[in-house]
Amino acid sequence: MATSDADDSLYPIAVLIDELRNEDVQLRLNSIKKLGTIALALGVERTRAELIPFLTDTIYDEDEVLLALAEQLGSFTPLVGGPEHVHCLLPPLESLATVEETVVRDKAVESLRIIADQHSQGDLENYFVPLVKRLASGDWFTSRTSACGLFSVCYKRVSTNVKAELRQNFRNLCADDTPMVRRAAAGKLGEFAKVVESECLKSDLIQLFNLLAQDEQDSVRLLAVEASVSIASLLPSEDTEQLVMPTLRQAAEDKSWRVRYMVADKFTELQSAVGPEITKNDLVPAFQSLLKDCEAEVRAASAHKVKDFCQTLSPDVREQIIMSSMLPCVKDLVADANQHVKSALASVIMGLSPILGKDNTIEHLLPLFLTQLKDECPEVRLNIISNLDCVNEVIGIKQLSQSLLPAIVELAEDTKWRVRLAIIEYMPLLAGQLGVEFFDEKLNSLCMTWLVDHVYAIREAATLNLKKLVEKFGKDWAQQTVIPKVLQMSRDQNYLHRLTCLFCINLLAEPLGQDLTTKLMLPTIITMGSDPVANVRFNVAKTLQKLAPQLDQSSIQTQVKPLLEKLKADSDMDVQYYASEALEGDIDGIRDGNVEIVIALVRLCAQIRWLSQLGCGEAILINLSPGNTLASISSQA
């Protein structure tokens, strides 16, 4: 009996060993994902004594298996007996932190950071800090890069002497021969700066920041820029000006566009970190320089920050700085040769209106908006139209209609159909911003004009546009404004316009609902069933088939089916075909149009007959009465 119990207790670890040696990667991966269950089966003592050493000794596998293992170990503390035993998880994670694959190392470091907080101060100094030192002095750069992410999680809870050792180790990594290590150190410098003492920040870390910011590798320098945000936020204004700003000024003019891009990308964060005085004296000229940069990527990143930068300026100098320093740069960007730069600016430029007020907007910004509304790049136009409500709030709808709306109307009537198409797509957005009254007065007639455009793509887009407008403004608006004009097209001499009428009815039926569709739309469709053009007549049949779910049974029996029967005997073969298809599909009692249900029923009945012939039970009688659902029929079967 005792032998049997021992065998049972060994079984989980035996299964794990067997599966981890299996040739199938997926099987090995599944076994790693079940480590928690296996640890529970073994108990905390055997997990510490057998499972963890086994995992430490067998860390050689496919990257995805190692990744799963690194993730699992981060949540293993309760399974090894709690915080007092958490240090036993360090050996396998240390090994994982040195592997070649970056994602595995990163996950191992992430798990190490989690369990670092679970160490007592004594265990931190006895077990965790020695691990950090071993990684930081490892022969392979992989271990040294991993070490960079561990200093900040243990620094605050160790003794003064150990802190000095950790700072020295971090200093060594910042001066490492391998660029990848220096890059990792630069990436963690800001995080480390937040936990060191103020005097150490000034004496040690500022020196490291300057060293990394002048590194020969631009990938290291750009990460130093990121660290500058954290460092500047920790220092008093006078220290920031003296210790950080000289390096930042150099970074804003760095020979590498990637470094300048990083400065532009982090600019508003830097602005918040350094305060209003340094912003006025140092960051404004630097931002002007970035907005005029020779690289489009840098200009685009800077353009994205224009509104936020201007908004965060000190109120007493905001308007003066924008008008004298920012606006000339913005005017140049409006005419930039690169569409990404113009698009980035267009997404934020409208936000300057509330900052500058009504007079400055009318005098200085409206001409820029007009230029961008006529830009050949559709994304630029969309970004302007998408933010019209910002300007509307500042200058009012009347001024907006006098200035920007004529440009929109001009685009809507452009000779190039693709330009007209772009404006149609923005119309529901405009309608929502301008309101129903203004829309009816200025833009409604334009939307109806598009329905009779000579280009099919425009007519199709116009019908979709109408549906969106009805969904936005409601049924009452549609009944008064849209439906009469749509139905009037059914009597147009041009058969293409009569077809457009049918297409509109197809799309509007759903938002209008059954009552309005039956009352207002159906009579027009019935009348068009006698159209002299066969193309119109077979589209009537298709429309009736599609609208069947929106109509009541009385209308189907008294109006729809008689017309379809008539069209079924039409002289045109296409009309006959579509009328027959409508009668055999939705109209003939199958209200949801799902012909697949009929096919499923036929197959089900055939299978039942086949089973009966084989003698598999008695013949099954299925009630196919109208009240039976497919689910009830299946249950009978």
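The chain has 37 helices and zero strands, where helices (H or I, at least four residues) and strands (E, at least two) are DSSP runs numbered from the N terminus. This is a predicted model, in which local features need pLDDT of at least 70 and side-chain atom pairs count only at pLDDT 80 or more, while totals for chains, interfaces and linings use all residues. Residues are numbered from 1 along each chain as its sequence is written, and side-chain values use heavy atoms, with hydrogens and water left out.

**Overall burial and contacts**

- Of the 637 residues in the chain, 51% are buried, a term that means under 20% relative accessible area, with exposed meaning over 50% and partly exposed in between (1.4 Å probe, protein chains only).
- Among contacts in the chain with a separation of 6 or more, 68% come from residues 24 or more positions apart; contact means heavy atoms within 4.5 Å.

**Helix pairs**

- Two packed helices are described by the angle between their axes and the distance between the axes.
- The axes of helix 8 (residues 121-136) and helix 9 (residues 141-148) come within 7 Å and cross at roughly 135°; axes are lines fitted to C-alpha atoms, for helices over the stretch in contact, and angles run from 0 to 180 degrees between N-to-C directions.
- Helix 8 is therefore oblique to helix 9, given that angles under 35 degrees count as roughly parallel, over 145 as roughly antiparallel, 65 to 115 as roughly perpendicular and the rest as oblique.
- Val 132, Leu 135 and Ala 136 of helix 8 make this contact with Ser 143, Arg 144 and Ala 147 of helix 9.
- By class, the residues of the contact of helix 8 with helix 9 are four nonpolar, one polar and one charged (Ala, Val, Leu, Ile, Met, Phe, Trp, Tyr, Cys and Pro count as nonpolar, Asp, Glu, Lys and Arg as charged, and the others, Gly among them, as polar).
- For helix 16 (residues 257-265) and helix 19, the axes come within 8 Å and cross at roughly 5°, which means that helix 16 is roughly parallel to helix 19.
- In helix 16, Trp 257, Arg 260, Tyr 261 and Ala 264 meet Glu 297, Val 298, Ala 301 and Ser 302 of helix 19.
- The contact of helix 16 with helix 19 comprises five nonpolar, one polar and two charged residues.

- The buried residues of helix 21 include Ile 321, Ser 325, Met 326, Cys 329 and Leu 333.
- Helix 18 (276-291), helix 20 (306-312) and helix 23 (352-373) are among the elements covering the buried residues of helix 21.
- Lys 307 lies in helix 20 and, at 27% relative accessibility, counts as partly exposed.
- Leaving aside residues up to four places away in sequence, Lys 307 touches Val 348, Gly 351, Leu 352 and Ile 355.

**Aromatic pairs**

- The count comes to 13 aromatic pairs, where rings of Phe, Tyr and Trp (its six-membered ring) pair if their centres lie within 6.5 Å, and planes under 30 degrees apart count as stacked, over 60 as edge-to-face and the rest as tilted.
- Tyr 155 and Phe 192 form an edge-to-face pair, 5.4 Å centre to centre with 90° between the planes.
- Both Tyr 155 and Phe 192 are buried.
- The ring centres of Phe 170 and Phe 192 are 4.7 Å apart and their planes lie at 45°, so this pair is tilted.
- Because Phe 170 lies in helix 11 and Phe 192 in helix 12, the pair ties together parts that are 22 residues apart in sequence.
- Phe 151, Tyr 155, Phe 170 and Phe 192 form one aromatic cluster.
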